[in-house]
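The following questions and answers examine a protein model.

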Amino acid sequence: MAGNKLEEMENVEKEEDGVEDLLPELQIKHPLQNTWTLWYYENDRNKTWEENQREIISFDTAEDFWSLYNHIKMASDLHQGCDYSLFKKGIRPMWEDDANKQGGRWLINLAKNQRANELDKYWLEILLCMIGEAFDENSEDICGAVVNVRSKGDKIGVWTADAQKSQSVMEIGRKLKQRLNIGRNVTIGYQIHKDTMVKAGSVTKNTYTV
């Protein structure tokens, strides 16, 4: 079912160019199950981290998603130190938010040479998985996703609400690997936000791996 919804959404993008030529009564939009909010982070050292997080826009239809996606910079074109975040409306892209504080994230690390080919492809696929509810009954545990563009290598994190729901977390991780076509020889890890917040070094231990 989720696969059909994703296919329908991808077809919406192909149809969108001709939508403006239709009569208003024919411009029927495809509603999403949730409303989603795009956030943009730019590292201005004169502002706090929270002040640098800017809420851009919310959408609740497939057409409005594609309209937004096609009018903003690709993740690979962002300046170093910038982020995009897409979260369910009402959830802020920060550990301290009530919806996030008991959760964690599946973290995908990309080498510098992957930015040109994989970063945008991975990010779009993750966005489609989230808004298309591709994680089936585990989709309700999805909070959002963040892409970090950094000089040492980019990262994409998929955030879930409850790190203790091991079965749900693992199924989300397996689905991610499948959708992104990540090979069996590559492991991705899940990190609990609380561990990340108190880490002493630069590496947080993985609680789950797939």
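Q: Leaving aside neighbours within four places in sequence, with which residues is Ile126 in contact?
A: The model is a predicted one. Contact here requires heavy atoms within 4.5 Å. With its neighbours within four places in sequence set aside, the partners of Ile126 are Ile108, Ala145, Ile156, Val158, Leu176 and Leu180.

Q: Which residues touch the most other members of the largest nonpolar core, and which element gives the most to this core?
A: The largest nonpolar core has 47 residues, and Trp106, Ile126 and Met130 touch the most other members. With 9 residues, the element that gives the most to this core is H4.

Q: Which residues are among those of the other core?
A: Another core lies apart from the largest one and has 5 residues. Its members include Phe87, Cys143, Val146 and Trp159.

Q: How far apart are the end C-alpha atoms of helix H4?
A: Helix H4 covers residues 115-131, and its 17 residues should span 24 Å at 1.5 Å a residue.

Q: Is Trp49 buried, partly exposed or exposed?
A: Trp49 forms an aromatic pair with Tyr41, tilted, at 5.9 Å centre to centre and 35° between the planes. Tyr41 counts as buried because its relative accessibility is 7%. Trp49 has a relative accessibility of 41%, so it counts as partly exposed.

Q: How many residues apart in sequence are the parts that the pair of Tyr190 and Tyr208 ties together?
A: The ring centres of Tyr190 and Tyr208 are 5.5 Å apart with planes at 55°, so this pair is tilted. Both residues are buried. Because Tyr190 lies in strand S7 (residues 189-192) and Tyr208 in strand S8 (residues 208-209), the separation in sequence of the parts tied together is 18 residues.

Q: What percentage of contacts between residues at least 6 apart in sequence join residues at least 24 apart?
A: The protein chain has 6 helices and 8 strands, and buried residues make up 47% of its 210 residues. Among its contacts between residues at least 6 apart in sequence, the share joining residues at least 24 apart is 69%.

How values were computed: Residues are numbered from 1 along each chain as its sequence is written. This is a predicted model: local features need pLDDT of at least 70, side-chain atom pairs count only at pLDDT 80 or more; totals for chains, interfaces and linings use all residues. Side-chain values use heavy atoms; hydrogens and water are left out. Helices (H or I, at least four residues) and strands (E, at least two) are DSSP runs, numbered from the N terminus. Buried means under 20% relative accessible area, exposed over 50%, partly exposed in between (1.4 Å probe, protein chains only). The expected span of a helix is 1.5 Å times one less than its number of residues. A nonpolar core is a set of buried Ala, Val, Leu, Ile, Met, Phe, Trp, Tyr and Cys residues joined through side-chain atoms within 4.5 Å. Rings of Phe, Tyr and Trp (its six-membered ring) pair if their centres lie within 6.5 Å; planes under 30 degrees apart count as stacked, over 60 as edge-to-face and the rest as tilted.
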